[in-house]
Amino acid sequence: MQRVWPAGRPVDLGATLGPLRRGTGDPAHRFDPAGRFWWAARTPAGPGTLAVAAAGPSVSAEAWGPGAEWLLDGLPVVLGAEDDWSGLDVSVVPVLERVRRSRPGLRLPRTGLVLDALVPAILEQKVTGEEARRSWRLLLRKYGEPAPGPIETLRVPPDPAQLLAVPTWDWHRFGVEGKRQAAIRAAATVARRLEECVDLAPDAALARLQVVPGVGLWTAAETAQRALGHPDAVSVGDYHLKNVVVHLLTGRARGTDEEMLALLAPWTGQRQRVMRLVELAGVGAPRFGPRFSYTDIRAI
């Protein structure tokens, strides 16, 4: 099943869909050498695979599986058709203005699939990115199902019943301790109510996500950024983010979440758009002291 979307504007697949990919070895999301984005998803219509390519203002897509039509119908929204950047002014920060001008096809993605975004966000709580990405790979390789379509190594993320069936010893093998296991089980238990977030106002959706035990503001924001295209969701509590923002906007090496939010206040309502520009600017804060050390629970 194929579809062409005449976007009428530049479409930057890498900048827009890059946040969906959890590392280069993500079994559910990948870019191929030709620049196409492949996405294996569990849609309301069933498993599906989407392959997307962009050429100027035109996007071509192909999809497979029971969820193919759902994925193709939602393609414009996934690529930010409803994400309006016209009112964003970052001219007071030249480095961000340069990024914005160099990335005219950048938009916030909106997948409409809450659990598929929430589970990897929970896995990223309080661990290094490397550890979280490994846990996600191992989970999908054992409990995900082969994705429809031509790529045999793509995997569709587990559904709620499959997540609830993962035994403790397998979570342990995946490097996931009890607290994150419990949060994923809690989310899987109320998955239907969480998927309703796509029809809620953005802040109401954030509030509902945080009703799940083990899902705080950081995890809810990371989920809303991807599943809901929330333009103002800021990942408060991130280990590095506050330092990057404070350093970029003030020159100081370190900062707090409160300082970060104060600096972002002029862009309230569009803070996630500003954060995407910050990330794409590639400016890091100076590092002091040892790197964060994570205890691998598989060795316990």
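I began with the second largest cavity, where H5 gives the most to the lining, with three residues. I took a cavity to be a set of points, on a 1 Å grid over the protein atoms alone, where a 1.4 Å probe fits but cannot get out, lining residues having an atom within 4 Å of a point. I read helices (H or I, at least four residues) as DSSP runs numbered from the N terminus.

I noted that the model is predicted, with pLDDT of at least 70 needed for local features and 80 or more for side-chain atom pairs, while totals for chains, interfaces and linings use all residues. Residues are numbered from 1 along each chain, and side-chain values use heavy atoms, without hydrogens and water.

I found about 40 Å³ of space in the second largest cavity, a volume being the space filled by probe spheres set on the points, which are joined across faces, edges and corners. Its lining includes Asp 116, Trp 136 and Leu 163. H5 and helix H6 (129-143) each give two or more residues to this lining. I counted seven nonpolar residues, no polar and one charged; nonpolar covers Ala, Val, Leu, Ile, Met, Phe, Trp, Tyr, Cys and Pro, charged covers Asp, Glu, Lys and Arg, and polar the others, Gly among them.

Note on methods: 1 Å grid on protein atoms, 1.4 Å probe; cavity = no way out; pocket = protein on both sides within 12 Å on 5 of 7 lines; lining within 4 Å.
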